[in-house]
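Open the model in your viewer and keep the selection tool handy. We will walk from one stop to the next, and at each I will say what to select and what is there.

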Amino acid sequence: NRSISLVDMYIDNSEPTENVGQIHFSLEYDFQNTTLILKIMQGKDLPPMDMGGTSDPYVRVTLLPDKKHRLETKIKRRTLNPRWNETFYFEGFPIQKLQSRVLHLHVFDYDRFSRDDSIGEVFLPLCQVDFSEKPVFWKALKPPLKDKCGELLVSLCYHPTNSTLTLIALKARNLKAKDINGKSDPYVKVWLYFGDKRVEKRKTPVYKCTLEPVFNETFTFNVPWEKIRECSLDVRVMDFDNIGRNELIGRISLTGKNSTGASETKHWQDMITKPRQAVVQWHRLKPE
């Protein structure tokens, strides 16, 4: 039963909400020697994780639930399209045992001075693989699960003629549960900044006992065109608490530079290049 529930946990056909690149690999099974052969060829369109606009990617390979035996590819320096071309052998795996395993490929950005950054990952339940075919895969990497705070759907629009910046907090999904009942009481708080200076704060009402709130709340700020480059919006999804302090569920920063990620920067740039048009985008909330 445990292996079935483990496999069920990782069967996920949804599209990633944020583009963090793709990985190209193949699988083969040697029936005679009960050996799984994994070849990791390349990665494509990985996001830049370093100041220089590149990454130093490598792949960590695990056959879940066994986390002890991790294998890793070599690190490829300063590239967003790495070519690894490395082969890994998992010996002594009868096919029945293999079908209760989940292949986990996790792409990291190597960092000499601090913790390696997670770029994205792929989970492939091996019961879904037809080994008689020697299959080859291109899989979209998904943002790492472990710091999942949920996602927020936001609309941005800028009117240069009347100097209005409009943010609509539309809805959230898969929010992190903060309360004992497995729910949260979410609301959105938005700060307008000019440079490092907080200028204005707005917030939505609190939505009780939900991880999928629909806010549909519009905030309009006065931002002259000459100030748009130094302006930023700090958007926080909070959990309301009657007794203690309200807790952060996750946040994003929307601005042209120093935002919380590539998708946030792109959303801001799309808003600037399409004046008077509402640009709608899902964002993965980040922990503090």
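Start by selecting α3 (262–273) in this predicted model. Within α3, the residues S263, E264, T265, H267, W268, D270, M271 and I272 are buried, where buried means under 20% relative accessible area, exposed over 50%, and partly exposed in between (1.4 Å probe, protein chains only). Helices (H or I, at least four residues) and strands (E, at least two) are DSSP runs, numbered from the N terminus.

What covers those buried residues? Show β9 (151–159), β10 (164–173), β14 (231–239), β15 (247–254) and β16, which are among the elements covering the buried residues of α3. Contact here means heavy atoms within 4.5 Å.

From first C-alpha to last, the 12 residues of α3 reach 16 Å, close to the 16 Å expected at 1.5 Å a residue; the expected span is 1.5 Å times one less than the number of residues.

A word on conventions before the next stop. Residues are numbered from 1 along each chain as its sequence is written, and side-chain values use heavy atoms, with hydrogens and water left out. Because this is a predicted model, local features need pLDDT of at least 70 and side-chain atom pairs count only at pLDDT 80 or more, while totals for chains, interfaces and linings use all residues.

**The largest pocket**

A pocket is defined on a 1 Å grid over the protein atoms alone, as an open set of points where a 1.4 Å probe fits, with protein on both sides within 12 Å along at least five of seven lines; lining residues have an atom within 4 Å of a point. The volume of the largest pocket is about 1300 Å³, counted as the space filled by probe spheres set on the points, with grid points joined across faces, edges and corners.

Which element gives the largest share of this lining? That is α3, with six residues.

Colour the lining by class and you will find 13 nonpolar, 13 polar and 14 charged residues. Here Ala, Val, Leu, Ile, Met, Phe, Trp, Tyr, Cys and Pro count as nonpolar, Asp, Glu, Lys and Arg as charged, and the others, Gly among them, as polar.

**Zooming out**

Next, colour domain 1 (8–141) and domain 2 (150–285) separately; the bounds come from an automatic or database domain assignment. The lining of the largest pocket draws at least three residues from each of the two domains. Taken over C-alpha atoms, the domain centres are 33 Å apart.

Buried residues make up 49% of the 288 residues.

Select G250, in strand β15. G250 counts as buried because its relative accessibility is 0%. Apart from neighbours within four places in sequence, G250 is in contact with C149, V235, R236, V237, L285 and K286. Of these, L285 is 35 residues away along the chain, yet the two C-alpha atoms are separated by 4.8 Å.

Move to S163, in the loop between β9 and β10. S163 counts as buried, at 17% relative accessibility. Its contacts beyond four places in sequence are Y158, F221, N222, V223, P224 and W225. S163 and P224 are 61 residues apart in sequence and 4.7 Å apart, C-alpha to C-alpha.

Then pick H24 in strand β1 (residues 22–30), buried at 14% relative accessibility. Beyond its neighbours within four places, H24 touches K39, I40, M41, Q42, V136, F137 and W138.

**Backbone stops**

Finish along the backbone. The peptide bond from L64 to P65 is cis, with omega near 10 degrees, and P65 sits in the loop between β3 and β4 (66–72).

T34, in the loop between β1 and β2 (35–44), is not a glycine but has a positive phi of about 40 degrees. T34 is partly exposed, at 27%.
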